[in-house]
Amino acid sequence: MTVKKLEWIEAPTKKEKPDPNELIFGRMFTDHMFTMHYTEENGWHQPQVRPYEKISLDPASMIFHYGQSVFEGLKAYRSADNEILLFRPEENMKRMNRSNERMSIPSFNEEEMLEYIKQLIEIEKDWVPGEPGTSLYIRPFIIGTEPNLGVHPSHSYQLFVILSPVGSYYPEGINPVKIKVEKEYTRAAQGGTGMAKTGGNYSAGYNAQEKASNSGHAQVLWLDAVEKKYVEEVGSMNIFFKINGEVITPSLSGSILEGVTRKSIIELLQSWGVPVTERKITIDEVIESHREGKLEEAFGAGTAAVVSPIGAFTIDEAQYQVQDGETGELTKALYDTLTGIQTGTVKDHFNWVTEV
Ligand SMILES: *Cc1c(COP(=O)(O)O)cnc(C)c1O
């Protein structure tokens, strides 16, 4: 498919590039952004790259009242040969349209959208840092813009893509974290919006996250909303356990976000011949396996951290240590392989990587 070259307006002044050793996640943005509009008459139209700047919206815009929005998160990496690489970006485009469907937002052409993102990155290529662990974070999002307080889907939308250079998630090396099993609040219910990347899912988790942080935990481990028995996710990451040689991750139940990292880890493990199962797993089974000395590793998986080893978990007052609080061997191998494929140092047998 050929997509026409985007119309673009160059920023009159350019920002100074940040020190790659002092990047803080999501705080600094590049010189340009991508925008596109939707109306019922014209569909998605007016794709454009223009200077990154404040936007002006009517206070009655529907996004402010009923939160109709979706977003995505992926990264561009600079390889040793100075190529700019994207990791399975077509999966993010597909997922964004699945989120759109759930949130009654009109879908877009996935191939075209990916081509626009590539053109934006091409314009901003000097913003892709090259130091180990750094990348350019890509945040596409859509908001309902119709000025109307009626409770129904917006008739107009804006889609944006903004870019933010981000530093290494592990400046001091990969580090296991302590997590808290959340027994009061839940993240998502069957039939709800847990499988969509939509803003409200995340703000609804802030109170539990704050409580967990206050008691010295890095993340919340979410259980299912009905029985508070089955493990769902950890923070904004999918979760994996290695028990007695087998890797287990909760099956996609409708309330779990279908991570690209999750999917890639399952495919990698299968290719390595490591037994990997998607099924329901109760927190009691995890504790039981720990008691029997069979809980070998546990980790979260997502674009930001790639993998985040779990060193300990707290349930009520009881604390359980995993792997003596060290990073497991398989966790480390998955981290090294995935980051290697993403940055072009490990051979990409799966054809996961796309050059911009
Ligand atoms: C984005 C996200 C993930 C991870 O998805 P990736 O595609 O691997 O980045 C997992 N859980 C939640 C709730 C998320 O929002």
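Colleague: Which backbone oxygen lies 2.8 Å from a polar atom of the side chain of Asn238?

Modeller: That is the backbone oxygen of Leu257, which lies 2.8 Å from a polar atom of the Asn238 side chain. The model is a predicted one. A polar atom of the side chain of Asn238 also lies 3.3 Å from the backbone nitrogen of Gly259.

Colleague: Where is the place of Asn238, and is Asn238 buried or exposed?

Modeller: Asn238 has its place in strand E12. Its relative accessible area is 5%, under the 20% limit, so Asn238 counts as buried.

Colleague: What does Asn238 touch, leaving out residues up to four places away in sequence?

Modeller: Asn238 touches Glu233, Ile256, Leu257, Gly259, Arg262, Phe299, Gly300 and Ala301.

Colleague: Let us turn to the ligand. Which residues around the ligand come nearest?

Modeller: There are 14 residues around the ligand, and those that come nearest are Lys197, Tyr202, Glu233, Thr261 and Thr303. By class, the shell holds 4 nonpolar, 6 polar and 4 charged residues.

Colleague: Which polar atoms of the protein lie 2.6 Å, 2.8 Å and 3.4 Å from atoms of the ligand?

Modeller: An N or O atom in the side chain of Thr261 is 2.6 Å from an oxygen atom of the ligand. A polar side-chain atom of Arg95 lies 2.8 Å from an oxygen atom of the ligand. For Ser236 it is a polar backbone atom, 3.4 Å from a nitrogen atom of the ligand.

Colleague: How much of the ligand does the protein bury?

Modeller: The ligand exposes 390 Å² when taken alone, and the protein buries 95% of that.

Colleague: And which elements give two or more residues to the shell?

Modeller: Those elements are strand E12 (237-243) and helix H6 (260-272).

Colleague: Back to Lys197. Where is its place in the chain, and is Lys197 buried or exposed?

Modeller: Lys197 is placed in the loop between strand E9 (177-181) and helix H4 (199-203). With a relative accessible area of 14%, Lys197 is buried. Leaving aside residues up to four places away in sequence, Lys197 touches Ser69, Val70, Phe71, Glu72, Gly73, Arg95, Ser99, Tyr202 and Leu257.

Colleague: What about the chain as a whole: how many helices and strands does it have?

Modeller: The chain has 8 helices and 18 strands. Its radius of gyration is 21 Å, close to the 21 Å that the globule rule gives for 356 residues, so the chain is as compact as a globular protein of that length. The C-alpha trace spans about 60 × 50 × 35 Å along its principal axes.

Colleague: What share of the residues counts as buried?

Modeller: Of the 356 residues, 51% count as buried. The accessible surface of the chain comes to about 16500 Å², and carbon and sulfur atoms make up 47% of it. Among contacts with a separation of 6 or more, 70% are between residues 24 or more positions apart.

Colleague: Where does Thr30 lie, and what does it touch beyond four places in sequence?

Modeller: Thr30 lies in the loop between strand E1 (7-8) and strand E2 (32-39). At 0% relative accessibility, Thr30 counts as buried. Thr30 touches Lys15, Tyr52, Glu124, Trp127, Leu136, Leu163 and Pro165. A polar atom of the Thr30 side chain lies 3.2 Å from the backbone oxygen of His32.

Colleague: And Glu296: in which strand does it lie, and with what is it in contact?

Modeller: Glu296 lies in strand E15 (residues 295-302) and is partly exposed, at 23% relative accessible area. Beyond its neighbours within four places in sequence, Glu296 is in contact with Lys242, Ile243, Asn244, Gly245, Val322 and Gln323. A polar atom of the Glu296 side chain lies 2.9 Å from the backbone nitrogen of Gly245. Glu296 and Gln323 are 27 residues apart in sequence, with 6.1 Å from C-alpha to C-alpha.

Colleague: What phi does Gln323 have?

Modeller: Gln323 has a positive phi of about 55° although it is not a glycine. Most residues other than glycine have a negative phi. Gln323 is found in the loop between strand E17 (318-321) and helix H8 (329-342), and it is partly exposed, at 31%. Ser104, in the loop between helix H2 (89-102) and helix H3 (110-123), also has a positive phi of about 55°.

Note on methods:
Residues numbered from 1 in each chain as written. Predicted model: local features only at pLDDT ≥ 70, side-chain atom pairs only at ≥ 80, totals over all residues. Heavy atoms only, no water. Near = heavy atom within 4 Å. Polar contact = N/O pair within 3.5 Å; in protein donor to acceptor, adjacent residues only side chain to side chain. Areas by Shrake-Rupley, 256 points an atom, 1.4 Å probe, with all protein chains shown as cover. Helix = DSSP H or I, 4+ residues; strand = E, 2+ residues; numbered from the N terminus. Nonpolar A, V, L, I, M, F, W, Y, C, P; charged D, E, K, R; others polar. Rg over C-alpha atoms; globule rule 2.2 N^0.38 Å. Buried < 20%, exposed > 50% of the residue type's maximum accessible area, 1.4 Å probe, protein only. Contact = heavy atoms within 4.5 Å.
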